[in-house]
Amino acid sequence: MPITIKSPHEIELMRTAGQLLAKVHYELGKELKEGMTTKEIDRLGEEMIRSYGCIPNFLNYNGYPASICVSVNNEVVHGIPSEKRRIKNGDIVSLDAGLIYKGYHSDAARTHGIGEVSEEARKLMDVTKESFFEGIKNAKPGKHLVDIARGIQTCAEKNHFSVVRDLTGHGIGTSLHEAPEIPNFVRRKRGVRLQPGMTLAIEPMINAGAYDVWWMDDDWTVVTRDGKLSAHYENTIVITEDGCEILTMHPEEQESIL
């Protein structure tokens, strides 16, 4: 599959898709509380997506049965929401969500702490987010995908965490998953050279223990093999003439970073 370079019009549509998804993540994050079922979180997220006139792009994607991936504690990604699963004080909850606006996709993930979380959990969430920003320092024309990966991996490992190897980021546009595959760790191949108009979903998945993972019997939920915590942070970005623009960042979240 060739890598698509988006036109200014396409980028504007993806910018709107990203802004709407940023609102969903921001609003949904504020609603999380002890005792909610993961299915309640999914229903609320889907309602928010549809309230903006958009379509949840995860729902029925390759058979996935929900609109929001809700992954708790040692679940890395793709947790399936359930009426039987309630989030508890001290849990960390990763929400991965996307939507379609006028035929264009956005994709983003955030990990939230519920109530009083452990010091390790807080550090893991902070470092996972930090690793994203270290990675995108190299998201600019002339750099290669490996430069983004190196920033992510260096940040995670200097904090004594590990980067999941079996899952990657991806291109995004009129399809949820487009070329190229975007690893969060350094491979021997440099990967493609970045150029303006590329739209990419960069998504560090960082484990508190080893990077090895299992797929559960539902064929979706990915968990750490050692049972330790995992966190996920993702944004859709576009490569610009002199760097990149994050398309899925809420203004208030942006202010907290500056």
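This is a predicted model: local features need pLDDT of at least 70, side-chain atom pairs count only at pLDDT 80 or more; totals for chains, interfaces and linings use all residues.
Good morning. Strand β6 and strand β10, residues 205–207, pair in the antiparallel sense over two bridges. Helices (H or I, at least four residues) and strands (E, at least two) are runs assigned by DSSP, numbered from the N terminus, and two strands count as paired if DSSP finds at least two bridges between them. In general, strands of a sheet pair through backbone hydrogen bonds, either parallel or antiparallel.

Residues are numbered from 1 along each chain as its sequence is written, and side-chain values use heavy atoms, without hydrogens and water.

Let us return to the sheet. Within β10, Ile206 is the bridge partner of Val163. The open sheet has three strands in the order β6-β10-β13, with antiparallel pairing. Its edge strands, each pairing on one side only, are β6 (162–163) and β13 (230–232). Helix α3, residues 119–136, packs on the sheet and touches β10 and β13; contact here means heavy atoms within 4.5 Å. The direction of α3 makes about 40 degrees with that of β13, where axes are lines fitted to C-alpha atoms, for helices over the stretch in contact, and angles run from 0 to 180 degrees between N-to-C directions.

Next, the interior. A nonpolar core is a set of buried Ala, Val, Leu, Ile, Met, Phe, Trp, Tyr and Cys residues joined through side-chain atoms within 4.5 Å. Buried means under 20% relative accessible area, exposed over 50%, and partly exposed in between, with a 1.4 Å probe and protein chains only. The largest core has 35 residues; among those that touch the most other members are Ile41, Ile68 and Leu95. Helix α1 (8–31) is one of the elements that each supply at least two of its residues, and α1 gives the largest share, eight residues. A second, separate core of 30 residues includes Phe132 and Val163.

Finally, the backbone. Which peptide bond is cis, with omega near 5 degrees? That bond runs from Ala179 to Pro180, and Pro180 lies in strand β8, residues 178–182. His160, although not a glycine, has a positive phi of about 70 degrees. This residue sits in the loop between α4 (145–158) and β6, and His160 is exposed, with a relative accessible area of 67%. Most residues other than glycine have a negative phi, and most peptide bonds are trans. Thank you.
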